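Please walk through this structure one region at a time. Keep the sequence and the 3D view side by side.

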Amino acid sequence: MSKVRIGLEIHCQLTQLKSKLFCSCIANYRNRDPNTNICPVCYGLPGSLPVLNKKAIEYACMIAIALGCDMPKNLTFARKNYFYPDLPKNFQITQYDSPGSDNNTCIGKSGKLEYISDKTVRIKRIQLEEDPGRLVHEIPASQSGGNSLAYTLIDYNRAGVALVEIVTEPDFNDPKEVRLFLNKITSILEYLNVCNTNLEGSVRCDANVSIGAGKKVEIKNVGSFKDVEKALSYEITRQKTMGLHEIEVKGETRHWDDKRKITKQSRSKEEEEDYRYFPEPDIPIIKIENEFILNLSSKMPELPDQRRKRFIENYQLSEHVSEVLINHKEIADLFEKAVKIYQSPKSISNWIVSDLMGFIDYESLEGKPLNEIIKIDEKHIAELARLVDENKINRTVAKKILTQIVNSGEMPTRIIDRSELTKIGDSKTILEFIEQVFMSEKNAINDANKNPNVANFLLGKVMQKTKGNIDPKKALEIIKKKLEEHK
Amino acid sequence: MTNRFQNYSIRQIHNGIKNEEFTSEEYVSYIIDRIEKKDEKINAFITVDKEKALENAKNIDKKIRDKEKIGILAGVVMGIKDNISTIDLKTTCASLMLSDYYPPYDATVVKRLKENGVIIIGKLNMDEFGMGSTTEYSIIGPTKNPWNLDYVAGGSSGGSAASVASGECTASLGSDTGGSVRCPASFCSVVGLKPTYGLVSRYGLVSYANSLEQIGPVGRSVSDVSTLLKIISGYDEKDNTTISSDYTEYDDLDLKETDQIISDLNKNKPFKIGLLQDLTNKADKEVSQYVYRSIDLLKENHLECDETDINSTEYALPSYYTIASAEASSNLARYDNIRYGFELNPEGYEWNSYYSDSRSRFGSEVKRRIFVGTYVLSSGYYGKYYMKAQKAKSMIKHELKTLFQEYDILVLPTVPILPFKIGEKIDDPLKMYLTDIYTVIANLAGIPAISLPVGFSGGLPVGIQLMADEFKEKNLLAVSTILERMVNIKKYADVF
């Protein structure tokens, strides 16, 4: 079978900036009335000039460093000229090096990223650019019968927001790899604290696919990372089927139809668009000094891979547990905060990885921060782990408590205090249960002298009777004592 | 009939108002009266804002009565080229495309002028989007030369020069992309300066060719131009191409004796002036004779002058038109009439057809430059034209830099020909472009250049051009002041 090649173009907004890329309008354009977050610059009024947001350069450079890119000495911007109503100036300020030139003026070039062990993707380039506005297509309800026309509304609130484009080489062979890579990128962006990847539309992905010597097909308009995998699988099947029927695959751009879950041909262009790139005259060349890069590298936040290593070394966690923890910064943070409260990394990591993670569906989390889904923080986890370790409750009970915490956010001790789940701790009550068992298991007790396992057998019976709500250590002690008395 | 206000300088107006010799309202009323009498013939104004001007004048007079402080330009009445944004005052670029556009903000230069008390009387005529050398390509028709109404006023800041020459304002602002301030200043016998690239903020100037243009003052004296430059120049956080250091200290040259100015110039090393001989000799004789006469006058003042040449000038005009058109094609893409512009109902249109309909309303010269610019940036042609033009630009810049190690000032004609008749060159763009051949040099090199009136030939003004190294406006203004005193030429046209 011919080789599948997949390349990606990821656009991520630098949502953690205060202002847009070239003006002082605020970067967080979400939840505002249309066209209220605009100024002469991002609205492209005559006479306005772009003023570069230096912090955006810093953030974009951090991404380039994290992805192991070569950095430019002279950073420049270019105009990409094309007409589209979401572009207030009918050109986009972006970065560009003509193909084949040795010039390096983009934020980053020729990087690579190991996204899972032994799988590396090459990063072709990283560039900084402005986001266009947003088009809202309105199709009247009476489309079937009425005369009213379809129309489109334009909201420029987003126009000018800083966008970092990450372009990979076509190094993926499988949609699953793409998913893993996207998870990794998301996690890196979170760690760098440059992009809140939970916000809708903050990270977008276009993909291109080719099979064997076939033409490259671009897939656009994929709404979520989950759909990237689906769109790619669909597209690969489509191209393979065409191959089987000896139909030639055209080099084209296709759109992902979210409702029907298929890719559809976009209106095809007669010829390739000529963007007439040229250097942006209003933004002078920015010198990127070595010192700036060194300084930035030294104060970069810890990256996922570094954190994983640290977890293994400092907390003696396994490779697997560390990997699960660091994958999402919020989870890793939760772990470390909990360890500060209760210094038992093993049990806390266990609780998070084998129990808590079961409550989080990361696929459906898109758009929401973690604490909106589960009402749990480091205090809960630390207390739960401690209660179990100190045998105040057993694991079964603790798991039930966890379910309640996740829904209510109540502290474990409070749940215990007012519920039936209270672990039967006082020796007197335990003794009562044990005596009941001794009454019903007389044969076993008589065997006790010969068979040392009887104590454990009896404990099992007691646990059964109490539905596990007693401290087994204490119970075993009492059982052994009572058996001694019987001798 | 002469009026006492005619030909008043900025200093005279400021002192007169401050010392209560006359009121700001009286002066503004005189200007309004003048515009009403003259502008029907001259056609220098696109918009006149009488009410606001009178209101501002009254405010200044009230401040004087209340013994409040007034700005150093208080009472000065200025016209602003119609491609410089003025809040709530229509800014059309002499184009149908912006015929209904009211900017929601002031250009930085306008803001600075207002802060210093300048009264804005209106917006001045120009070639559409600054593209032209005669102010004939305007939606309101050509501005006439105040010295002879059959002749062009020069361009593209024709309104800026003609309004000052005909006394319709004290001074004005123009913009200079390839000579647009200096050419009309020369044709109308007024002083026009193009500052060093980056000295004056372009924020609010409607871009034609960003990498070449600067806003420049136009006045009836070197001292007026110098005073205005002092106010409008300097770093602006809204324009990343403005310089951050401070080059904006200018002397009050009008208060200095000529001998003092000369000795200041020679202070550190002997001051040297170079005549660009080849370019001067290639100009019409009516023009070149005045350049030689000016050199003689400077020599009389014991300033060292000799002849020199620039070799790379043959590349200047083609590279200028290539770069300017390329940038223009991109800058003007935003005029699609979707966000602002003129009345054109979008109903029933698909995007692209709406674009082509709305954008077909540009004038012919603007369309020509958009086409040329689009062509030179297209893949396959970029290296052949745009890149080459950029190389020529660096070459010219480099050659001038070298020349300025020897010379402090270079002298040449502003325009190689006298003002010509309206309509004479309008059908021949290449002939029209030749008007700019001596002015585009300073734009490509990013250096300051001034046009100074030095004489008349057959009743038509002649100007000479002085160029200096980057940020050496001080020298430019000093030599201009000396020359201005020697030639003592008329800058106030009261012919019609």
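In strand 14 of chain A, F278(A) is the bridge partner of R79(A). That pairing belongs to a predicted model. R79(A) sits in strand 3 of chain A, residues 78-81.

Two of the facing positions can be picked out here. K80(A) stands opposite Q92(A). N81(A) stands opposite F91(A).

Put together, the 3 strands form an open sheet in chain A, in the order 4-3-14, with antiparallel pairing. Strand 4 and strand 14 of chain A are the edge strands, since each pairs on one side only. As a rule, strands of a sheet pair through backbone hydrogen bonds, either parallel or antiparallel.

Are the faces of strand 3 of chain A covered or open? Both are covered. A78(A) and K80(A) are buried on one side. R79(A) and N81(A) are buried on the other.

Next comes the interface. Here 34 residues of chain A are in contact with 42 residues of chain B. The size of an interface is often given as the accessible area lost when the parts come together. Between chain A and chain B, the buried area is about 3000 Å², and carbon and sulfur atoms give 58% of that. P46(A), L49(A) and R276(A) supply 20% of the area that chain A buries against chain B, more than any other three residues.

How many salt bridges are counted between chain A and chain B? The count is 1. The side chains of R202(B) and D282(A) meet in a salt bridge, at 2.9 Å from N to O.

A333(B) is another residue that touches the partner chain. A333(B) lies in the loop between helix 11 (316-331) and helix 12 (351-359) of chain B. Its relative accessibility is 3%, so A333(B) counts as buried. Beyond its neighbours within four places in sequence, A333(B) is in contact with F83(A), K89(A), N90(A) and R359(B). G141(B) is 192 residues from A333(B) along the chain, and their C-alpha atoms are separated by 24 Å.

Stay in chain B and look at helix 17, residues 473-487. Its 15 residues should span 21 Å at 1.5 Å a residue, and the end C-alpha atoms are 21 Å apart, so the two values agree. An α-helix has 3.6 residues a turn, so residues three or four places apart point the same way. Helix 17 of chain B is mostly covered, with 12 of its 15 residues buried. Among the buried residues are L476(B), L477(B), V479(B), I482(B) and L483(B). The buried set also includes E473(B), N475(B) and E484(B). N488(B) follows helix 17 of chain B and has a positive phi, near 45°.

That leads to backbone geometry. Most residues other than glycine have a negative phi, and most peptide bonds are trans. N31(A) is not a glycine, yet its phi is positive, about 55°. N31(A) is in the loop between strand 1 (4-13) and helix 1 (54-66) of chain A. At 83% relative accessibility, N31(A) counts as exposed. E20(B) also has a positive phi of about 55° without being a glycine. E20(B) lies in the loop between helix 1 (10-18) and helix 2 (24-42) of chain B.

Which residues does the cis peptide bond join? G155(B) and S156(B), with omega about 5°. S156(B) is found in the loop between strand 5 (148-152) and helix 5 (158-165) of chain B.

Finally, the cysteines. Over all chains, the structure holds 0 disulfides. The cut-off for a disulfide is 2.5 Å. C42(A) is buried, with a relative accessible area of 5%. For C183(B), the closest cysteine sulfur is in C188(B), and 8.6 Å is likewise too far for a bond. C183(B) is buried too, at 0% relative accessible area.

How values were computed
Residues are numbered from 1 along each chain as its sequence is written. Chains are lettered from A and ligands numbered from 1 in the order in which they are written. This is a predicted model: local features need pLDDT of at least 70, side-chain atom pairs count only at pLDDT 80 or more; totals for chains, interfaces and linings use all residues. Side-chain values use heavy atoms; hydrogens and water are left out. Helices (H or I, at least four residues) and strands (E, at least two) are DSSP runs, numbered from the N terminus. The expected span of a helix is 1.5 Å times one less than its number of residues. Buried means under 20% relative accessible area, exposed over 50%, partly exposed in between (1.4 Å probe, protein chains only). Two strands pair if DSSP finds at least two bridges between them. Contact means heavy atoms within 4.5 Å. Buried area is the accessible area (1.4 Å probe) that two parts lose on being put together, summed over both. A salt bridge is a side-chain nitrogen of Lys or Arg within 4 Å of a carboxyl oxygen of Asp or Glu.
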